[in-house]
Amino acid sequence: MRCPYCGNDDTQVKDSRPTEDSGAIRRRRVCNACGGRFTTFERVQLRELTVVKKTGRKVPFDREKLARSVNTALRKRSVEPERVERMISGIVRQLESLGDVEVTSDQIGEYVMEGLKGLDDVAFVRFASVYKNFSAADDFRSFLAHLADNNSPISGDED
């Protein structure tokens, strides 16, 4: 494993343990060159997923990009990192279990919205504002009014 600090390939595992949901192995590592310490996660990957964007372009699925999007929505919110990790792992498992190697960005967005809805209301609305491309305050008002009127799962077709 390459050191994120100095780029050296000679790193050593100091500690390994499963994550809380046992969906990954957490490894604490130290670089033999610079002494830097960092953590890696090893996960089972059932299949290589490809994301089909709205433009039709296809890109490899990137779990870290998904995690960054979720964490951006959750910025400055007091949600335990373990709950966030369980949600992200759940989304990835759902995508992998669809039975197809291609998933749409809309499918991913809907799974994230459902996950955030159960995790943090503010993060849910933040993510929705980007995902649904809100352009004015009225977009927020109508989205929140729809939520208040309808407790059913959110779909991308309510515009």
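This is a predicted model: local features need pLDDT of at least 70, side-chain atom pairs count only at pLDDT 80 or more; totals for chains, interfaces and linings use all residues.
Two strands are said to pair if DSSP finds at least two bridges between them.

I begin with the strands. Strand E2, residues 24–31, and strand E3, residues 37–43, run antiparallel and are joined by seven bridges. Within this pairing, arginine 29 stands opposite phenylalanine 38 of E3. The two strands form a hairpin, with five residues between them. In the turn, glycine 35 has a positive phi of about 85°.

Next, the cysteines. A disulfide is a covalent bond between the sulfur atoms of two cysteines. How many disulfides does the model contain? The count is zero. Is cysteine 3 buried or exposed? Cysteine 3 is buried, with a relative accessible area of 3%, whereas cysteine 6 is partly exposed, at 40%.

I now come to the largest pocket, which has a volume of about 590 Å³. Of its 21 lining residues, the closest to the centre are Lys53, Lys65, Ser69, Ile108 and Phe127. Which elements supply at least two lining residues each? They are strand E5 (58–60) and helices H1 (63–73), H3 (105–119) and H4 (121–131). By type, the lining divides into 11 nonpolar, four polar and six charged residues.

Finally, the aromatic rings. A pair of such rings is described by the distance of the centres and the angle of the planes. The structure holds four aromatic pairs. One of them, phenylalanine 124 with phenylalanine 143, is tilted, at 5.7 Å centre to centre and 40° between the planes. This pair links distant parts of the chain, since phenylalanine 124 lies in helix H4 and phenylalanine 143 in helix H5 (residues 137–149), 19 residues apart. Both of these phenylalanines are buried. Another pair, phenylalanine 127 with tyrosine 131, is stacked, at 5.9 Å and 20°. These two residues are four apart in helix H4, and therefore separated by about one helical turn. Phenylalanine 127 is buried, at 14% relative accessible area, and tyrosine 131 is buried too, at 18%. To conclude, Phe124, Phe134, Phe140 and Phe143 form one aromatic cluster.

Note on methods
Residues are numbered from 1 along each chain as its sequence is written. Side-chain values use heavy atoms; hydrogens and water are left out. A disulfide is a pair of cysteine sulfur atoms within 2.5 Å. Buried means under 20% relative accessible area, exposed over 50%, partly exposed in between (1.4 Å probe, protein chains only). On a 1 Å grid over the protein atoms alone, a cavity is a set of points where a 1.4 Å probe fits but cannot get out, and a pocket is an open set with protein on both sides within 12 Å along at least five of seven lines; lining residues have an atom within 4 Å of a point. Grid points are joined across faces, edges and corners, and a volume is the space filled by probe spheres set on the points. Ala, Val, Leu, Ile, Met, Phe, Trp, Tyr, Cys and Pro count as nonpolar, Asp, Glu, Lys and Arg as charged, and the others, Gly among them, as polar. Rings of Phe, Tyr and Trp (its six-membered ring) pair if their centres lie within 6.5 Å; planes under 30 degrees apart count as stacked, over 60 as edge-to-face and the rest as tilted.
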